[in-house]
Every structure is written in structure tokens, then in C-alpha cells.
Amino acid sequence: MDSKVFLSYSRKDKSQVFALKDEIDSYLGSGSCWIDLHGIESDQQFADVIINAINHTPIFLFLYSENSKDSVYAKKELEFATKKKKKLYL
């Protein structure tokens, strides 16, 4: 995995997130920014893919919004990234 940034967000904010992902990729290079819409087909695969992605990206970017602060998955991602002592940007 060559991604440098893991984006944690609420899917309710996906239009803003996709725009930000495109900006990061244009600045750092295509594929530099990882989001969770890459071939996830089951709950178990979701957990495995997310954990793997957080483990392999040096930067964790939590996109705070009214939606993400209420998102169970976004909170779990933030907790896991904190435990792994990732560089956090909120």
C-alpha cells in the first residue's frame, strides 16, 4: 500500500470527502489518499481492510462534521489510530 493519508469520515459527507481526496491525490500523487470505498464486500472484510489501511498509512485524517462525530465507524477508526499512535489530524 502506497497511501500516505487515511481519511476517516461519515459516508453522509462523501461529496466533500471525494473532493478533498482528489485535492490530496493531486498534491501528493495519485493513490496517496486512502478512503474506505475500495472493494469492501462484507463486515469482516470491512474491519480487516480498515485495520490494514490504518496500519499502513502514516497519517490519519479525521474529517470532523456533525455526521462524523455521530458515526460509530469513524469513532472506532479514530480510537484505533490513536492506539497505534498515528499522526492524527482532525
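Two strands pair if DSSP finds at least two bridges between them. By that rule, this structure has an open sheet of four strands in the order E2-E1-E3-E4, with parallel pairing. E2 and strand E4 (87–89) stand at the edges, each with a single partner strand, so one side of each is left without a neighbour in the sheet. E1 and E2 pair in the parallel sense over two bridges, and the bridge partner of Val 5 in E2 is Cys 33.

The model is a predicted one, in which local features need pLDDT of at least 70 and side-chain atom pairs count only at pLDDT 80 or more, while totals for chains, interfaces and linings use all residues. Residues are numbered from 1 along each chain as its sequence is written, and side-chain values use heavy atoms, with hydrogens and water left out.

The secondary structure of the chain amounts to four helices and four strands. Helices (H or I, at least four residues) and strands (E, at least two) are DSSP runs, numbered from the N terminus. Along the sequence they follow the pattern β-α-β-α-β-α-α-β. Of the 90 residues in the chain, 37% are buried; buried means under 20% relative accessible area, exposed means over 50%, and partly exposed is in between, with a 1.4 Å probe and protein chains only. Among the contacts in the chain with a separation of 6 or more, 70% are between residues 24 or more positions apart, a contact being heavy atoms within 4.5 Å.

H1 itself has 15 residues and reaches 20 Å from its first C-alpha to its last, close to the 21 Å expected at 1.5 Å a residue. The expected span is 1.5 Å times one less than the number of residues in the helix. Which residues of H1 are buried? They are Val 17, Lys 21, Ile 24 and Asp 25. These four residues cover an arc of only 100 degrees around the axis, which puts them on the same side of H1; the arc is that of the directions from the helix axis to the C-beta atoms. The buried residues of H1 pack against E1, E2 and strand E3 (59–62). On the other side of H1, the exposed residues are Ser 15, Gln 16, Asp 22, Glu 23, Ser 26 and Tyr 27. After H1 comes Gly 29, whose phi is positive, near 115 degrees.

Strand E3 can be examined through Leu 61, which is found in it. At 17% relative accessibility, Leu 61 counts as buried. Leaving out residues up to four places away in sequence, Leu 61 touches Val 5, Phe 6, Leu 7, Ser 8, Leu 20, Ile 24 and Tyr 89.

Charged side chains come next. Side chains of opposite charge can pair when their charged atoms come close. The structure holds three salt bridges, a salt bridge being a side-chain nitrogen of Lys or Arg within 4 Å of a carboxyl oxygen of Asp or Glu.

One of them joins the side chains of Asp 36 and Arg 11, at 3.3 Å from N to O. Asp 36 lies in the loop between strand E2 (33–34) and helix H2 (43–56), and Arg 11 in the loop between strand E1 (5–8) and helix H1 (14–28), so the pair ties together parts that are 25 residues apart in sequence. Asp 36 is buried, with a relative accessible area of 7%, whereas Arg 11 is partly exposed at 44%.

The other two lie within helices. Asp 25 forms a salt bridge with Lys 21, their closest N and O atoms being 2.4 Å apart. The two residues are four apart in helix H1, a separation of about one helical turn, and both are buried. Glu 66 pairs with Lys 69 in a salt bridge whose closest N and O atoms are 3.6 Å apart. Both lie in helix H3 (residues 66–69), three residues apart, about one turn of the helix. Glu 66 counts as exposed at 53% relative accessibility, and Lys 69 is partly exposed, with a relative accessible area of 31%.
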